[in-house]
Amino acid sequence: MDDDSQRAGTEPIVVALGGNTLLGSQGHWTFDEQREAVARTARQLADAIHAGYDVVLTHGNGPQVGTLLLQQDNVEEPARRPLDVLVAETQAQIGYLVQQALDNELPDSTDSVTVVTQVVVDPDDPAFETPTKPVGPFYTEAQAAERAFETRRVRSGDRPYRRVVPSPEPIEVVEDEEITSLVERGTLVVAAGGGGVPVVRDGTLRGVEAVVDKDKTSQVLAAELGAETLVVLTDVEFAYVGYETADERPLRRVSPAAVRGHLEAGEFGEGSMRPKMEACCRFVERGGERAVVTTPDRLLEALAGETGTQVRA
Ligand SMILES: NC(=O)OP(=O)(O)O
């Protein structure tokens, strides 16, 4: 696509970047390792962009915002920064790395742009009473017991605990029209990072302390942009039922109704595949053409319908 007139009216695809695309499969968090992981992801995304897809990127921030929150624990007023501000900081931090990697990978394209994105939530969402969103490092049981903040067991293994914070449902992306304008101009947009900065509308916009699930916000954004496809990139090529059991089976083409059945049966890991499948299901139930779960290196094949879990009506 060469000019704006050709782009106008095209339907973007929204691609949600999971933690492995930003930190590497081992979850290493040094900045050199993050730059390396993001550069690899940018190379994989470039193939889809060269193939003509208008891509809007979203991303998670659980490790990064959890680290910032830890740093804040010893900060007293008036210097303490609230969690919504920390989410905004991670949008800049991760958006910067992704933008730079994309600009280096696609030197002949329009520069990419990160949009600080607010997402409206309900101030009465019960999620504010029951923190569920895991952020930051993992802890042993003994370490978790010593923490002054709430933790929850989120996986098996030696370090199964993580800090949890409230995670209300996303209702609406505030900057959706601005993102649409940028996409129509042919700009590669990074938006709704970390699930968006949670805000409530009570006459004005006001930030609230929470971390919204990035897969859920990606679904809301994809619907608002009229995206044809929502892609969730993670570290497995497919979503599985019976994951890591003798009956493990990859889901290839699956209807939202079948996904609902699997969700009700307790399939898909809480805090990992479950929110991804929820988001995919909702996207198609609410009129989206298809939602896909796969790995970054299989993105192009998945867009061609050849691999990945393809949720379609
Ligand atoms: N905000 C969010 O969902 O981040 P992660 O995907 O990193 O948990």
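Visitor: Which residues of α4 meet α5, and which residues of α5 do they meet?
Guide: From α4, the residues are Gln64, Val65, Leu68, Leu69 and Gln72, and they meet Leu83, Leu86, Val87, Glu89, Thr90, Gln93 and Ile94 in α5. Please note that this is a predicted model.

Visitor: How do those residues divide by class?
Guide: The contact of α4 with α5 has 7 nonpolar residues, 4 polar ones and 1 charged.

Visitor: And what is the geometry of α4 and α5?
Guide: Helix α4 spans residues 62–72. The axes of α4 and α5 come within 9 Å and cross at roughly 130 degrees. The two helices are therefore oblique to each other.

Visitor: Is that crossing left-handed or right-handed?
Guide: The crossing of α4 past α5 is right-handed.

Visitor: Let us turn to α3. How does α3 cross α5?
Guide: Helix α3, residues 31–50, has an axis that comes within 8 Å of the axis of α5, and the two cross at roughly 50 degrees. Because of that angle, α3 is oblique to α5. The crossing of α3 and α5 is right-handed.

Visitor: Which residues make that contact?
Guide: On the α3 side, the contact is made by Phe31, Gln34, Arg35, Val38, Ala39, Ala42, Arg43, Leu45, Ala46 and Ile49. On the α5 side, the residues are Gln93, Tyr96, Leu97, Val98, Gln100, Ala101, Leu102 and Glu105.

Visitor: How many of them are nonpolar, polar and charged?
Guide: The contact of α3 with α5 comprises 12 nonpolar, 3 polar and 3 charged residues.

Visitor: Now the sheets. What is the strand order in the sheet of 4 strands?
Guide: The order is β8-β4-β10-β11; the sheet is open and its pairing is mixed. Its edge strands are β8 (172–173) and β11 (204–207), each of which pairs on one side only.

Visitor: How do β10 and β11 pair?
Guide: Strand β10, residues 197–202, pairs with β11 in the antiparallel sense over 4 bridges. Val200, for instance, has Arg206 in β11 as its bridge partner.

Visitor: Which strands of that sheet does α5 touch?
Guide: Helix α5, residues 83–105, packs on the sheet and touches β10 and β11. The direction of α5 makes about 130 degrees with that of β10.

Visitor: What about the sheet of 3 strands?
Guide: That sheet is open, with the order β5-β7-β6 and antiparallel pairing. The edge strands are β5 (133–139) and β6 (151–153), and each pairs on one side only. From one strand to the next, the twist averages 40 degrees.

Visitor: Over how many bridges do β6 and β7 pair?
Guide: β6 and strand β7, residues 161–165, pair over 3 bridges in the antiparallel sense. Among the residues involved, Arg152 has Arg162 in β7 as its bridge partner.

Visitor: Which helix packs on that sheet?
Guide: Helix α4 packs there, touching β5 and β7, and its direction makes about 75 degrees with that of β5.

Visitor: One last topic, confidence. What are the scores?
Guide: The model scores ipTM 0.99 and pTM 0.94. The chain averages a pLDDT of 92, and 95% of the residues score at least 70.

Technical notes:
Residues are numbered from 1 along each chain as its sequence is written. This is a predicted model: local features need pLDDT of at least 70, side-chain atom pairs count only at pLDDT 80 or more; totals for chains, interfaces and linings use all residues. Side-chain values use heavy atoms; hydrogens and water are left out. pLDDT is the predictor's confidence in each residue, from 0 to 100. Two strands pair if DSSP finds at least two bridges between them. Contact means heavy atoms within 4.5 Å. Axes are lines fitted to C-alpha atoms, for helices over the stretch in contact, and angles run from 0 to 180 degrees between N-to-C directions. Angles under 35 degrees count as roughly parallel, over 145 as roughly antiparallel, 65 to 115 as roughly perpendicular and the rest as oblique. A crossing is left-handed if the near helix is turned anticlockwise from the far one by less than a right angle, and right-handed if clockwise. Ala, Val, Leu, Ile, Met, Phe, Trp, Tyr, Cys and Pro count as nonpolar, Asp, Glu, Lys and Arg as charged, and the others, Gly among them, as polar.
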